[in-house]
Amino acid sequence: MVMLLQDAEGPPMLCDLCLAQVCQSLSSLCSMRADGSMSLIWAPVFPQETADQLLNHMAAKEILNDTTVGIFRNCKELRLRRASIQSCPLSAEAFRLALCPHRLLELDASWVSGGLTGADIVSGLASNPECRSSLQRLSLNGLRMDWESLEANGGIHVGFSSLRGLRMLNLANTDLNDAALEDICNLPHLETLDISCSAISKLTALLECKNTLRSLIAHRLRHLDMSPAQLLFVFSQLHALKHLDFSEDHFSVDDSDGRDGDETVRQLLEGSPQVLPSLVSLDISGRKRISEAAIRSFVESRSGLVFLGLLATGVSSCDFFSTQKSLKVTGEADENQVCEALRRYRDRECFIREALVHLYSLTTDTDKPQPDVLKLVVSGMQRHPTSLHIHLVATACVFNLTTQDLAQAMPISLLSSTVTQLLNTMKNFPNHQQVQKNCLLALCSDYILQEVPFDKYLAAMLVINWLSSHEDPTLQRMAVAVISILVAKLSTEEMAQFSKDIFIMKQLLAIVQQKAMVGVVDSTLKFALSALWNLTDEMPVAARNFIECRGLELYEEVLESYYAEPSIQQKVLGLLNNIAEVEELQADLMEEDLLEHILSLLQDSQVDVGVRYFAGGILAHLASRPDAWTLENELRSTVLKQLHDSIMTWTHLEREMVSYRSFHPFCPLLQTCQPAGVQLWAVWAIHLVCTQNTSHYSSMLEKEGLTELLKALAAHPSTHSDIKGLSDSILSMVEQYQIHEHCSPI
């Protein structure tokens with residue numbers, strides 16, 4: 001049984017977990033038809049809503065395609081009513097066979113790929129007599145209609161008007177033309193129509209549905225060819241209209257473009273209250289030449305108005321709005337207006353971009369956690385993955401909203417999705433320095449790096465690749481800091497993969513050399529040394545790369561030139577320890593000058609205990625194999641004696657100085673045949689970490705069989721009393737921990 005971690009958003013619903021498992025196991029639950037599509041081997045009759053949810057899950061997980069959609073050909077067990085195939089790669093044939101037989105109420109086929117056109121969808125749905133009357137909502141946002149290809153391939157041109165039950169139709173970002181609009185306006189129940197960013201030039205056809213149309217979304221009609229008087233006449237005849245969106249993309253319009261539209265809006269605002277008297281919402285964001293007086297007059301004459309879109313109009317800061325508590329406004333006057341814009345304009349790049357610019361200014365000095373705002377920012381990034389403008393500002397907003405202690409008050413799941421999005425942004429815009437800098441700034445948080453789950457291997461690779469082409473000192477420091485923490489968080493398998501790349505080793509060593517040449521002691525040097533230390537931890541390939549990149553010569557210089565810097569020496573000796581643990585690399589450390597220098601550090605009582613500890617570790621590993629010792633035997637004897645004498649003078653360390661991935665490197669040192677100095681260093685090291693983190697290391701000792709080695713060592717008649725004492729102390733800690741665990745309530 002697995003315990004699911006909860007946060008402020010709560011645990012996943014059981015239904016979602018079950019559907020996710022079905023999605024993951026589709027191949028084993030299905031057989032293959034002759035045409036290559038899947039069919040469930042066995043299935044109960046799904047509750048109708050569950051069938052919809054399964055389709056939506058498959059689409060969201062990007063596994064819905066011509067092969068997998070085949071399971072929905074079974075209309076008895078999997079009955080679809082509200083289907084979403086948004087952005088899925090489906091062919092016309094797969095769509096016809098799997099979805100058209102269902103008695104659909106709603107279909108969202110926005111931005112589908114795979115060759116499926118709007119004409120294919122309409123003709124396919126119309127081929128099912130039940131669908132002709134049942135389908136109420138249809139979204140074909142982003143599709144080509146392509147009636148010509150359908151007819152050229154022998155298909156029959158069946159118009160939208162054949163789907164007599166339609167109440168909502170979304171044809172934004174399509175090649176919809178005036179003739180098709182005329183056909184659409186013959187629908188007897190049409191209430192909501194979105195023709196944004198289409199090729200429409202005339203809106204006169206809307207008069208055919210003037211008594212049913214309640215919502216018209218006509219954003220950015222660049223081909224519209226009607227005078228303000230003609231437009232106002234059409235609007236004035238739409239007696240049932242409650243919602244009108246006549247906004248414009250202000251970024252793509254110069255002063256001459258859109259002038260008729262702007263004039264239409266001005267006349268609407270300043271004109272008779274008898275035109276569209278029942279409006280509940282009006283969106284004129286991006287329109288020019290709007291006055292505050294006209295806005296005030298319009299709002300006051302329409303008491304039912306609950307929403308007004310004024311982003312990028314210059315009038316959203318009108319004082320009048322402070323008295324309109326029930327009126328929601330999109331604009332840039334305050335955070336409420338900006339967030340309303342981010343909520344309402346999720347699919348409109350121009351408005352998301354504008355809103356984010358203002359949000360950045362509003363959140364620059366924020367000290368209040370705002371998870372809802374962060375969620376809106378991340379949603380904007382996800383909706384527009386290729387928009388440089390959006391990601392440039394959004395990543396800066398993410399930094400503002402997660403900096404300092406703000407991240408700690410956010411739900412973990414939200415931070416996880418935020419970091420995942422930052423990594424996607426780094427992948428999508430590898431050569432844009434400011435975007436990369438913003439992502440790095442947001443990532444450079446101890447809390448995020450230590451506590452938030454995300455793909456740390458991917459993050460480390462992205463940051464190291466970025467580091468290779470940038471030398472800005474501040475950014476270099478942050479990048480190296482991020483890498484040093486991430487490397488320590490990688491799994492053994494990820495670390496093995498990461499450490500194979502000699503390019504990474506060269507990058508980090510170059511930074512160490514750059515700093516060492518000028519003798520500087522700063523956080524960048526320390527982070528680089530930490531990263532290299534972690535990179536070589538029980539990773540022989542990385543240790544070999546280190547030697548091949550002449551890291552050993554560099555570290556000898558650093559060891560001597562930073563003699564008075566224990567924090568630097570400790571990290572240098574820690575890495576040399578990792579090399580000393582690898583038997584086939586020990587010969588590379590057999591240099592008399594190097595070992596005598598390390599021995600002098602071990603012996604010097606004025607040197608920090610942490611430095612002496614790692615010096616002792618190197619010497620213990622090298623002295624543990626007499627057959628591999630290639631220097632004078634007298635030096636080895638001195639090393640063994642000084643190990644014992646020095647260790648017995650060390651005081652206990654309260655601070656956590658080192659952590660071990662495993663105790664495997666200690667096994668050879670704990671053999672009863674080893675010299676006392678070697679054994680003593682090993683048991684002192686184990687005792688140190690067990691004292692500082694008993695629960696973690698006690699279970700590791702048991703799992704890796706070291707308790708048996710310690711028992712054998714403690715029981716052996718020739719074992720020194722100092723070693724027996726430490727061994728017994730470790731075994732006692734393990735025993736006490738196990739008793740405590742067994743007695744603890746479940």
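Start by selecting Glu 538. With a relative accessible area of 24%, Glu 538 is partly exposed. Buried here means under 20% relative accessible area, exposed means over 50%, and partly exposed lies in between, with a 1.4 Å probe and protein chains only. Glu 538 sits in the loop between helix 23 (523-535) and helix 24 (540-548). Helices are DSSP runs of H or I with at least four residues, strands are runs of E with at least two, and both are numbered from the N terminus. Check the backbone: phi of Glu 538 is near 55 degrees, a positive value in a residue other than glycine.

This is a predicted model, in which local features need pLDDT of at least 70 and side-chain atom pairs count only at pLDDT 80 or more, while totals for chains, interfaces and linings use all residues. Residues are numbered from 1 along each chain as its sequence is written, and side-chain values use heavy atoms, with hydrogens and water left out.

Jump to Trp 111. Its phi is also near 55 degrees, positive in a residue other than glycine. Look in the loop between strand 4 (106-108) and helix 5 (118-126). Trp 111 is partly exposed, at a relative accessible area of 43%.

**Zoom out**

Show the whole chain as a cartoon. It has 33 helices and 12 strands. The radius of gyration is 35 Å, well over the 27 Å that the globule rule gives for 746 residues, so the chain is more spread out than a compact globule. That radius is taken over C-alpha atoms, and the rule is 2.2 Å times the number of residues to the power 0.38. Along the principal axes, the C-alpha trace spans about 105 × 60 × 50 Å.

Colour by burial next. Of the 746 residues, 53% are buried.

Colour by charge. There are 58 positive and 90 negative side chains, and the centres of the two sets lie 9 Å apart. Lys and Arg count as positive, Asp and Glu as negative; His and the chain ends are not counted. Each charge is placed at NZ of Lys, CZ of Arg, CG of Asp or CD of Glu.

**Aromatic pairs**

Show the rings of Phe, Tyr and Trp. A search of the whole structure finds 17 aromatic pairs. Rings (the six-membered one for Trp) pair if their centres lie within 6.5 Å; planes under 30 degrees apart are stacked, over 60 edge-to-face, and the rest tilted.

Select Trp 147 and Phe 160. Their ring centres are 6.1 Å apart and their planes stand at 90 degrees, so this pair is edge-to-face. Trp 147 is in helix 7 (residues 147-152), while Phe 160 is in the loop between helix 7 and strand 6 (168-170), 13 residues apart. Both Trp 147 and Phe 160 are buried.

Move to Phe 663 and Tyr 697. This pair is tilted, at 5.5 Å centre to centre and 45 degrees between planes. Phe 663 lies in the loop between helix 29 (633-647) and helix 30 (676-692) and Tyr 697 in helix 31 (residues 694-703), so the pair ties together parts 34 residues apart in sequence. Phe 663 and Tyr 697 are both buried.

Now widen the selection. Ring pairs link a cluster that includes Phe 663, Tyr 697, Trp 533, Tyr 613, Trp 681 and Trp 684.

**Helix packing**

Select helix 17 (residues 433-443). Its buried residues include Val 435, Cys 439 and Leu 443. Among the elements covering them are helix 15 (388-402), helix 16 (412-428) and helix 20 (473-489).

Go on to helix 25 (residues 551-561). Leu 552, Tyr 555 and Glu 556 are among its buried residues. The buried residues of helix 25 pack against helix 22 (502-517), helix 23, helix 24, helix 26 (566-580) and helix 27 (592-603).

**Two last stops**

Pick Ala 460, in helix 19. Ala 460 is buried, at 0% relative accessibility. Leaving aside neighbours within four places in sequence, Ala 460 is in contact with Leu 486 and Phe 498. Contact means heavy atoms within 4.5 Å.

Finish at Glu 354, in helix 13 (residues 349-363). Glu 354 is buried, with a relative accessible area of 15%. Not counting residues up to four places away in sequence, Glu 354 touches His 250, Phe 251, Leu 311, Ala 312 and Glu 332.
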